Amino acid sequence: MIKSVRPYQDEPLTYGKFPDGFAWGLATSSYQIEGAWNEDGKKESIWDRFVRVEGKIKGGDTGDIACDSYHRWEEDVALVKEIGATHYRFSISWPRILPEGIGAVNQLGVDYYNRLIDALLEAGIQPMATLYHWDFPQCLEDKGGWLNDDVPNGLKNTPQRVLQLSEIGNTVKVKLWITLNEPYIAALVGYEKGIFAPGIQDPGKSAYICGHNMLKAHAKAYRKYKQDFKGQEGKLGISFFTEAAFPASDSEDDVKATNRYMQFTLGWFAHPIFKDGNYPQIMIDQIGEKSKLQGFPQSRLPIFTREERKQLLGSSDFIGLNHYTSKVVSHAVGNHEVVSCAEDRDVKLDYDPTWPNSGSVWLRPVPPGMRMLLNWVKDEYGNLPVYITENGVSDTAGNLDDLHRIYYYKHFINNVLKAITLDGCKVEGYYAWSLMDSFEWTVGYSEKFGVCAVDFADKNRRRTMKSSARFLRRIFADNGFLKDGNPWYDVPDAKHYTGQR
Ligand code: GBH
């Protein structure tokens with residue numbers, strides 16, 4: 001159970017090394033960096049469509065060119081190498097390799113990923129490939145997308161894509177796979193709020209169906225991968241959106257609400273895979289009760305068959321955590337007259353006013369949240385292998401002397417070290433988000449998460465390392481925090497930022 005630690009004080013750094021073989025990575029995703037949205041046989045994704053809808057993206061920005069990584073991937077690999085990362089996490093654009101969503105492979109698209117993978121391996125960097133980071137094929141969306149649990153849909157496609165890639169040899173080279181990136185966000189922001197592609201606003205219903213089909217797709221992909229690629233020592237997992245939640249008070253109600261919020265966010269997707277093949281009981285109970293009060297003939301939360309539950313349970317070799325920020329939670333009974341996922345949870349969410357800000361309204365850096373989260377995962381699901389698959393912070397200035405980002409990485413990574421050395425958490429790798437500034441979804445290029453800057457006014461999209469990239473390089477090289485090692489450990493923290501909102 002999470003105990004309150006707010007308002008927090010920065011704790012003294014722990015010095016020491018990460019376990020041997022710890023994975024140090026940098027992360028990106030296809031739509032955010034590649035550009036070349038309609039080149040070499042690639043077809044439209046739901047994001048290509050969505051960015052063209054008036055008013056959806058800040059400043060009318062698109063990912064049409066983005067960082068132009070489709071053409072500049074060699075520069076990306078060189079940067080990853082220069083920073084000394086042992087791993088690089090990228091995603092594969094589904095409509096680039098399977099333009100019709102299913103069926104024929106687009107060889108030119110496949111060649112792109114093969115070139116990238118080969119270059120990474122040559123540079124001594126292990127690839128980690130995400131099969132789905134939100135750029136769903138528009139042609140499948142037109143047939144109902146994730147809401148369609150019949151063929152042809154994502155369900156049958158995820159395993160098929162793994163298979164397609166294997167035919168060209170990639171599964172042998174890629175030892176780390178992630179099926180889905182943040183199904184929670186894809187479901188809730190894409191199908192509930194409609195703020196992300198495909199822009200569907202259907203509160204309290206579609207998100208649960210979308211999530212349900214994503215979970216089934218994940219399980220199918222895992223089973224297929226394990227069956228077809230036995231003996232390749234590859235690991236396949238899934239990455240979740242995570243927050244650390246802190247109770248607003250010590251009252252039993254708030255503490256319970258905090259745990260409930262964790263179950264409705266992380267538990268929604270992790271519980272079926274890592275606990276018992278089904279949704280958390282609290283979700284089943286609450287959504288069931290509210291659906292009844294609202295006059296629905298059955299719960300808005302779909303039900304897994306016994307066979308599906310069997311497929312789901314244990315369908316992951318590791319748990320991937322994308323972690324950025326924390327929330328303060330209090331008990332507040334939802335209004336059952338409003339049908340929505342938010343009302344189903346009976347919580348009120350806040351930030352602690354003492355938490356510093358960042359370039360994104362939703363992101364308050366709370367370093368001890370990282371350690372709390374890792375402990376929550378260990379207590380809830382057992383001590384399974386964990387990868388932090390994203391962690392990072394934004395600004396709006398894009399300054400190269402990004403002291404606030406150094407502050408963020410220093411304290412978040414140190415909390416990972418504490419979780420490992422003091423609490424015994426089994427963390428096997430850490431990926432910083434992101435290698436470079438990129439297309440930040442609805443806010444376009446206005447919020448920057450990169451440890452490298454990209455000049456979007458330059459047609460060559462010139463990349464420049466920021467101070468934080470050099471800071472990470474030192475941690476990666478030392479495989480930890482060495483006393484008297486990194487000069488940044490001794491300087492006062494730059495918690496107060498430059499150029500933020
Ligand atoms: C990650 O999601 C993504 O995986 C990554 O692609 C992205 O670049 C990174 O965050 C930084 O943003 O609050 O309803 O207006 C983190 C979770 C989900 C946080 C969407 C921002 C904005 C939608 N993000 N949310 S909303």
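The model is predicted, and the values given below are computed from it.

**The ligand and its surroundings**

- Of the 19 residues around the ligand, those that come nearest are Gln32, His133, Glu182, Glu440 and Trp441.
- Gln32 places a polar side-chain atom 2.8 Å from an oxygen atom of the ligand, while for His133 the corresponding distance from a polar side-chain atom to a ligand oxygen atom is 2.9 Å.
- In the side chain of Trp441, an N or O atom is found 3.0 Å from an oxygen atom of the ligand.
- Two secondary-structure elements, α9 (183–191) and β7 (319–331), each supply at least two residues of the shell around the ligand.

- Glu182, one of the residues that come nearest to the ligand, has a positive phi of about 45 degrees although it is not a glycine, and it lies in the loop between β5 (176–181) and α9.
- With a relative accessibility of 5%, Glu182 counts as buried, because the cut-off for that class is under 20%.
- Ala66, which is likewise not a glycine, has a positive phi of about 50 degrees and is found in the loop between α2 (46–50) and α3 (69–83), where its relative accessibility of 1% makes it count as buried.

**Helix α5**

- Helix α5 covers residues 107–122, which is 16 residues, and from its first C-alpha to its last it reaches 22 Å, close to the 22 Å expected at 1.5 Å a residue.
- The buried residues of α5 include Gly109, Val110, Tyr112, Tyr113 and Asn114, and Leu116, Ile117, Ala119 and Leu120 in this helix are buried as well.
- Just after α5, Gly124 takes a positive phi of about 80 degrees.

**Individual positions and contacts in space**

- Ser91 belongs to strand β3 (residues 87–91) and is buried, its relative accessible area being 2%; a polar atom of the Ser91 side chain lies 2.8 Å from the backbone nitrogen of Ser30.
- Gly194 lies in the loop between α9 and α10 (206–228) and counts as buried at 3% relative accessibility; although Gly194 and Lys56 are 138 residues apart in sequence, the distance between them in space is 9.7 Å, C-alpha to C-alpha.
- Lys348 has its place in strand β8 (residues 347–350) and is partly exposed, with a relative accessible area of 43%; Lys348 and Ala332, which are 16 residues apart in sequence, lie 5.7 Å apart in space, C-alpha to C-alpha.

Conventions. Residues numbered from 1 in each chain as written. Predicted model: local features only at pLDDT ≥ 70, side-chain atom pairs only at ≥ 80, totals over all residues. Heavy atoms only, no water. Helix = DSSP H or I, 4+ residues; strand = E, 2+ residues; numbered from the N terminus. Expected span 1.5 Å × (residues − 1). Buried < 20%, exposed > 50% of the residue type's maximum accessible area, 1.4 Å probe, protein only. Near = heavy atom within 4 Å. Polar contact = N/O pair within 3.5 Å; in protein donor to acceptor, adjacent residues only side chain to side chain.
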